[in-house]
Every structure is written in C-alpha cells, then in structure tokens.
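Hello,

Here is the structure for your files. My notes on it follow below.

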Amino acid sequence: MGNSALKAHLETSQKTGVFQLTGKGLTEFPEELQKLTGNLRTVDLSNNKIEVLPAFIGGFQQLKSLTISGNKLTSLPNDIGKLKKLETLILNGNQLNQLPSSVGQLKSLRTLSLSGNHFKEFPGGLGTLRQLDVLDLSRNKIQVVPAEVAALQAIEINLNQNQISTLSPEVSHAPRLKVLRLEENCLEISSIPLSILSDSQVSLLSVEGNLFEVKKLRDLEGYDKYMERFTATKKKFA
C-alpha cells in the first residue's frame, strides 16, 4: 500500500474520527496514526498481518471502538488500559492466550470479543469492568469456567466451541448474567450446576453439542424455574 493512499486515509480520518484499513496486508500498526491520537474514535485494522500492538495505543484517549480481528497478535501492551473511553474491543482470530491486567482498567468497556484465539484459561481480572455487557470467548481451548466468573457484570458470556468440562456453581451468582452459551464443549449432564437452573439470572442456557442430550436438562432439579425465566424473556422480546 503506497504512502499516498495512507495519507488520503489519514486525511479522511482527521475529519471523520474513523480509521478503517482492512485486508491490506499491513504487518504493523500504522505509526502515522499517532498524529490523530486526539480525535480518533474508531479504528478497524481487521484481516491484516499485524503482530504487535504498540505502546502508543494508550495515547488514543478519544477511542471508543478498536477492532483488530484476523491478525497475528500474540499479546497486548499494558498501555491498552489507558483507553478510558473504549466501549468495544474486538480481537477475534488472533493468537492471544492471556490479557494484561490493565484490561481491567477499561472502565467504559461494554463488549470484549476474543473469539478464535489461543486461550486455555478463562482470563482473570475482568470483574472490575462494571459496564461490560458481552464477553465472547468462543472458539478457544478453555477447559474450566472458574468461580471468579461470579464477579463479572456481563449480560452474555459466549463460551461455545471450547473444551469445557468443569463449570463452577459460582457462575449462578453473576449478578447480570442472562445468556450463557456453552455449545460444543465437553460437559457431562452432571457438570451442570443445579444452581444455574434454580437460582440464577440466566434465562438462556445453550448447551447443544456436549456429552449429553439436551432434553436430559428437563430432568434436573430447578429446570422448571429456569423455564419460567426463559419463557418470561421470550415474551418480552416477542
């Protein structure tokens, strides 16, 4: 990609606050973007070959949406935690296996999407994200959903297509969790904590493609309470 094309993009971005450059084979985050730290609100660099997110990313104080899906990121810089206005962080299809603890400082974050990475463990330290609505960890290699998930504010957690065989009963204490997606994992019927059915906010529990027939859920204690929530939610959106 020529300098003149990049320059044209930068000039447009200066006016619109949006920088979008997808599928151009970029191997690094464009350094020239530093000139726009004051007014960029949206950056989308999906489907490139970027391996490193530079520390200067922390300078984009107006940034509300950052999408770097389909790249080659293996880690994130600590400075990402400085993006106090960031509401959407989409990093699907990279090679991440952990997050820096500074991600817990993204106090405006509503959507965190990490589908199709290399996570083997559920990322910690996300309980401080008080605005978090959606956490997508589908298509990773996570085996355990730990007790600390109870601290998350998320309304929806997507864990489809992992290797989950253990689900902590504490998940039922997550205060706002309405949608829990666990399709295509390694769960036995005995691994489903009854408290999720009888004593949680969850009104959509998706468990197709595990090691039991979904209709077996009906035999579990608390299923009727779960169905009450499920039906009430369905009526609301009908």
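**What the model shows**

From the N terminus on, the chain's elements run α-β-β-β-β-β-β-β-β-β-β-α-β-α. That comes to three helices and eleven strands. Both are DSSP runs numbered from the N terminus: helices are H or I of at least four residues, strands are E of at least two.

A word on the source. The model is predicted, so local features need pLDDT of at least 70 and side-chain atom pairs count only at pLDDT 80 or more, while totals for chains, interfaces and linings use all residues. Numbering starts from 1 along each chain as its sequence is written, and side-chain values use heavy atoms, with hydrogens and water left out.

Now the sheet. Nine strands form an open sheet with parallel pairing, in the order β1-β2-β3-β4-β5-β6-β8-β10-β11. Its edge strands, β1 (18-20) and β11 (204-206), each pair on one side only. Two strands pair if DSSP finds at least two bridges between them.

Next, the whole chain. The C-alpha trace spans about 65 × 35 × 30 Å along its principal axes. Of the 238 residues, 46% are buried (under 20% relative accessible area, 1.4 Å probe, protein chains only). Take contacts (heavy atoms within 4.5 Å) between residues at least 6 apart in sequence: 36% of them join residues at least 24 apart.

Best regards

Notes:
Buried means under 20% relative accessible area, exposed over 50%, partly exposed in between (1.4 Å probe, protein chains only).
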